[in-house]
Amino acid sequence: MKVKEIVVGLGSCGIAAGAREVLEALQEGVRERELDIRVSATGCVGACHREPIIEVRTEEGSRRLYGEMTVKRARAFLDQGFQEDGGEAAKHRLAEDEPFFGKQLKLVLRNSGRIDPESIENYLAAGGYAALEKALTSMKPAEVVAEVKASGLRGRGGAGFPTGLKWSFAARAAGAKKYMICNADEGDPGAFMDRSLLEGDPHAVLEGMIIAAYAIGADEGYIYVRAEYPLAIARLERAIVAARERGFLGDSILGGSFSFQVHVKQGAGAFVCGEETALLASIEGKRGMPRLRPPFPAEKGLWRCPTNINNVETLANIPRIIVEGAAAFASLGTEKSKGTKVFALAGKVKRGGMVEVPMGTTLREVIFDIGGGIQDNREFKAVQLGGPSGGCLPAELLDTPVDYDSLTATGAIMGSGGMIVLDVTTCMVDVAKFFLSFTQSESCGKCTFCRLGTKRMLEILENISNGKGHMEDLDELEELALTIKRSSLCGLGQTAPNPVLTTLKYFRDEYEEHIRNHRCPAMQCKALIQYRIDPEICAGCTLCARFCPTQAASGEAREPHSIDPDLCIRCGICYEGCRFKAIEIVTGVPK
Amino acid sequence: MEDPFQELLREFKDSKGSLIPLLQKTQELYGYLPIYAMEEISRTVGLSPAEVYGVATFYAQFSFQPKGRHTIKVCHGTACHVNGAEAIDTALKSELGVESGETTRDNLFTVENVACLGCCSLAPVVMVDQQVEGRLNWARLLKTIKRIQENEG
């Protein structure tokens, strides 16, 4: 086996786990050893639980992935020549046929973790911009719209509106000036599909966007991206420059009559700006407040011009639809949900990361086959889909297929693709409270029920988790939830109660346990738990006392320690850190 | 050489929808939005100071207080939340004696909450200045804090 190239996954996650240091160590190591190996970078490989990850490509054409890389391991690998048997490398190999990869179908993510996202040559070599060329040279705009319509592609940002239909509205709208916008304001906590795509394959998003602009007749566009994603922004801007230099973007694209200019706008930290009309207000430099629709952006959008807005993943699907045709795209998925969906799998799952599966795959397959089940083999409790607009589904619903309609029927939503797995150590009242406090603080304040109703709901949830709830509170929560859904202008308010409604529907007994018995079965609600040290087990190692931020844990060295419940802030640092497992959590005890 | 702030004002003077980028660049320059800058911005974009202030306060990114020399952003995304972010946050605020959004008296640290850094598979995650620290525990964060305190305190 002769190693030709080593590729390091440089997504945000990889970098956070130390991938840059690994890259530098490999570059330095190759130089010092005078090896004939190219060291390069790529985007997110997807197996975030194994970061940092490298891929080793051989002269013979094989590709091997290795995880948990460190600087030391990188040097050891170079010295040992990636020996498969017995060497350091064997232990860290990620086999391509592992269930994590085997059950996936990477179409949108086909280039992520494969090509250098900062190189347009790499993208071109992978077939990039062929779709743009095909669309511009052999298809009329109306034919492009028809093709996307026929594919059955639905918006991947959450609501699932048919993309081709949306394009046809903007294409039909009267107006000389039209705008094409890419919504990359990925705000759901627990979702990182768009970031990963922009970091791993920015040209695919850009190509989809240029094709969309051609289809609807827009000559100018914006990519509205979260400021919290500096790497995605940098790679996107680089991609724009490269595409412009090659004539794929700018004036007279590919020498024809179509021109399209694109700008990057950075969001400024407001979740509501993911909503179309709020996003438009924000680009215009105003407070990002949604407005009443109609008129829809397709008729009166940015600066009152016809505007089409699509999500990052939606656009990344477009090049393949154009090249391979609508039928190939529609052959995957279910009757009403075509193609694949990318999920950000995280939480208490063993293997997390970017996961792409055909629509119709069941939740069980994603969580247990691809994700490998629950960390430490604890019991599965729920899966949270769709972030603050979505819901928590219990084990009984694990065989639900992932498609727009099946998920909506459960009370959750497909959402943009955040999939957080929860186990028995997660309190469902706490999860509901967590999401509601998020939407409550992100409510723009325009609609009374969203502004005040979420506040009232949050107060009730806080009372329940403090052991001060009443059984009537549950009815009031439901009433408030339904009213907020009915009386809010935009998606934020209309979906904000979903986490509460689904947890009430599927985990009502847990709410009741908090109210009736003042117990938090998951041992999470601070007011209902106490930390205690078992004097029989405690070895008096003093670790808890040293780490306790409030000096609640104390004791003499080599003597059993104790925790003063009045000083304790229930941060759990001592519990996590105790090497003797001498600390226990109790709930339901009167103070 | 021209004052970089004046340069910014000139650069954005006539461009459409320039208020938010101008506020962002100003904050990049000063670390926060000083009152006099807000007044100049309002004159440049032709809006009242109240309107400019209204936009700036709408977005979480903008701050009207100078920040400490180091910013610690505690991620409160869903994955971090269920993986112990709360514990780290509680311990951190207690250790430094500040609430979220506040700066320590020695001006060394500003502690902030962030909704999600998008590194969910490495939860819990904290960002110290530009460095994202994943798979974090309190002992490691405490070490980082102590190191900064010893170097600069």
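What percentage of the 591 residues of chain A count as buried? The answer is 55%. The model is predicted, and every value below is computed from it.

Start with chain A as a whole. The chain holds 25 helices and 18 strands. Its radius of gyration is 26 Å, close to the 25 Å that the globule rule gives for 591 residues, so chain A is as compact as a globular protein of that length. Along the principal axes, the C-alpha trace spans about 80 × 65 × 40 Å.

Now turn to the sheets. One is an open sheet of four strands in chain A, ordered β8-β7-β6-β9, and its pairing is parallel. Strands β8 (261-266) and β9 (307-311) of chain A stand at the edges. Each has a single partner strand, so one side of each is left without a neighbour in the sheet. Neighbouring strands here are turned by 20° against each other on average, direction ignored.

Look inside this sheet at the pair β6 and β7 of chain A. Strand β6 covers residues 179-184 and strand β7 covers residues 220-225. The two run parallel and are joined by six bridges. One residue pair to find is C182(A) with its bridge partner in β7(A), I223(A). Helix α12 (residues 230-245) of chain A lies across β7 and β8 of chain A. Its direction is at about 170° to β8(A).

A second open sheet in chain A has five strands, in the order β11-β10-β14-β12-β13. Its pairing is mixed. The edge strands are β11 (353-358) and β13 (391-394) of chain A. Each again has a single partner, so one side of each lacks a neighbour in the sheet. L345(A) has M419(A) of β14(A) as its bridge partner.

Next come two helices of chain A. Helix α10 (residues 193-200) is mostly covered, with eight of its eight residues buried. The buried residues include charged ones by name: D194(A), R195(A) and E199(A). M193(A), L197(A) and L198(A) are buried in α10(A) as well.

In general, nonpolar side chains tend to be buried together in soluble globular proteins. The core here has 233 residues, and I211(A) and V125(B) touch the most other members. Helix α11 of chain A gives the largest share of this core, 11 residues. What does I211(A) touch, not counting residues up to four places away in sequence? Its contacts are A131(A), L132(A), A135(A), V144(A), I318(A) and I322(A).

Finally, consider the contact between the chains. It takes 49 residues from chain A and 41 residues from chain B. On the chain B side, α2 (19-30), α4 (49-58), α5 (78-82), α6 (85-96), β4 (131-133) and α7 (138-152) each supply at least two residues. Helix α6(B) makes the largest share, five residues. By type, the chain B residues that touch chain A divide into 23 nonpolar, 16 polar and two charged.

Conventions. Residues numbered from 1 in each chain as written. Chains lettered and ligands numbered in written order. Predicted model: local features only at pLDDT ≥ 70, side-chain atom pairs only at ≥ 80, totals over all residues. Pairing = 2+ DSSP bridges. Axes fitted to C-alpha atoms, helices over the stretch in contact; angles between N-to-C directions. Contact = placed C-beta atoms within 7 Å. Buried ≥ 20, exposed ≤ 12 C-beta atoms within 10 Å, placed from the backbone. Rg over C-alpha atoms; globule rule 2.2 N^0.38 Å. Core = buried A, V, L, I, M, F, W, Y, C linked by C-beta atoms within 7 Å.
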